[in-house]
Amino acid sequence: MRAHPGAPPSRRRFLALSAGGAAAGAAALSGCALSTAGAAPGGGESITMMVELDDVSPELIKQAQKELGIRITVVKNDITRLIAMLTSGNPPDLVRGLGALDAPYFAARSVAEDLDPYFAKSTILRTDDLDPANDVWRFDGTTQGKGPRYGMAKDFSQDAMFWYNTALFDKAGVDYPSETEPITYEEWLENAKRLVQRKNGQTTVYGGSYNGVNLTVLLTNLTAAAGGSLFSEDFSRVDFTTPEARKALTWYVEYARTRVGPSLIQPNPDTWDGPTFVANRMAMSGSGYWLGGMINEDPKVAAVSRLAPAPVFAGGPRLSSCQAGTGLWMPKKARNKDAAWRVFEWFFGEAPAKGRAEGGWGIPTLKSLRPLMPQKEDYHKRVFKAQEAELEHFSVTPFTPYAKWDAFEALINQVLPAAMNGQISVDTLAGRLNSALNEQLKRGKEQVG
């Protein structure tokens, strides 16, 4: 399945799989001719990072120049542009990715650098200090979570955990969920139905939001929580008609139909949970520890906020995976790997990593940084205790290497609303999802070889 080591990346391997139909990649080449390595003006080394613009702030860029003597040029994260840069042989030195979804894709196409030799020599990023969440960035050619490391998460959450607002629970007369023992998904939905508030046909307070990092990974993880796998053993097919996948689909469609929370048929005007939850207009948010960074900014909101374990399906296993593991990977053809690795070490193990840990925006991916997580106030301590207990139940839910997650997402978004609106049954939905996604997987498998 894995391409031969050292084989140049083929345009054919990428274009048909990108969500935007990255056939525009060739046209984008002229806009990508950036210096990705070598000497910076005035001396010193430089690298290019393809990230979201708020991942590496201007302040951090200045800090890197001062502390490392390395100039960082930031390129906006974009899959079409990335493909063009990779296939032209002029890639960025470090690239943003979601480890839980992207690592198998890029590793299987032999464009991501095996970072094991770098980790082996590092005194800053020691493998015995890496949190198991970083295993989402491992891929052995068959299964995610094993084999070489192709990247590292900057921080992480166990994204099926959910926050709840005790003041809204009190108002509705609903018992609080346990902070150590999981409730069932069925109980979560029943609570959401009791907690939702409406006026003149409009939702004024969401009972709960449960959409995951994206629908692709949400349905993958819900199926695992039901005791199954969305993918075949070789990850070349999906099957939404299995009892476990059907249970996952049925639950999520019911969540959307009851309109207790945001969905494709009831979009959140705030576009995401954070602003809504801190405004006391959302009783539960399935966002994981990461949302604490925003909650902690308002002590009044933090005082009534609690973090609860990932729910379980009745009779299913207790799982609490990371659905993103956002971090960085290094292209094989990067031109200044030593400088890129030094920035990698600094970003993940030094000042930037310590700052992220102290803010509560995610769990540090170095175990040695965990004491920096907010623990000053009583509400910090409660959340920290709940999160520490949940770490025992972490596991990697493997994803396919044969398709880009956002291509799946586009297909799911086309099919799912009809079921949410009651126009088709869950069985019909399952069949349509199988047809659309398996066609994508078939093309991906042919391209990987």
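## Helix α10 and what covers it

In this predicted model, the buried residues of helix α10 are covered by elements that include α8 (185–195), α9 (215–225), α17 (405–420) and α18 (426–448). The residues of α10 that are buried are A245, A248, L249, W251, Y252, V253, Y255 and A256. An α-helix has 3.6 residues a turn, so residues three or four places apart point the same way. The list of buried positions in α10 can be read with that spacing in mind, with A245, A248, L249 and Y252 among them.

Helix α10 itself takes in residues 243–257, and its 15 residues reach 21 Å from the first C-alpha to the last, which is close to the 21 Å expected at 1.5 Å a residue. After the helix comes R259, a residue whose phi is positive, near 55 degrees.

## Helix α4

How many of the nine residues of helix α4 (residues 79–87) are buried? Eight of the nine are, so α4 is largely enclosed by the rest of the structure; the buried residues are I79, T80, L82, I83, A84, M85, L86 and T87.

Details can also be given for the residues around this helix. At its start, a side-chain oxygen of D78 comes to within 3.2 Å of the backbone nitrogen of T80, a residue that is itself listed among the buried ones of α4. Following α4 is G89, whose phi is positive, near 80 degrees.

## Strand β3 and its partners

Strand β3 (residues 94–98) is mostly covered, with four of its five residues buried. It pairs with strand β1 (residues 45–51) in the parallel sense over two bridges, and within this pairing M50 stands opposite V95 of β3.

With strand β12 (residues 326–329), by contrast, β3 runs antiparallel, and four bridges join the two strands; here R96 stands opposite L328 of β12. In a regular strand the side chains alternate between the two faces of the sheet, a general point to keep in mind when looking at positions such as V95 and R96.

## The sheet β10-β7-β11

A further set of three strands forms an open sheet in the order β10-β7-β11, with antiparallel pairing. Strands β10 (284–285) and β11 (305–308) stand at the edges and each has a single partner strand, so one side of each is left without a neighbour in the sheet.

Strand β7 (residues 162–165) pairs with β11 in the antiparallel sense over four bridges, and in that pairing the bridge partner of Y164 is R306 in β11.

Definitions and conventions: Residues numbered from 1 in each chain as written. Predicted model: local features only at pLDDT ≥ 70, side-chain atom pairs only at ≥ 80, totals over all residues. Heavy atoms only, no water. Buried < 20%, exposed > 50% of the residue type's maximum accessible area, 1.4 Å probe, protein only. Pairing = 2+ DSSP bridges. Polar contact = N/O pair within 3.5 Å; in protein donor to acceptor, adjacent residues only side chain to side chain. Expected span 1.5 Å × (residues − 1). Contact = heavy atoms within 4.5 Å.
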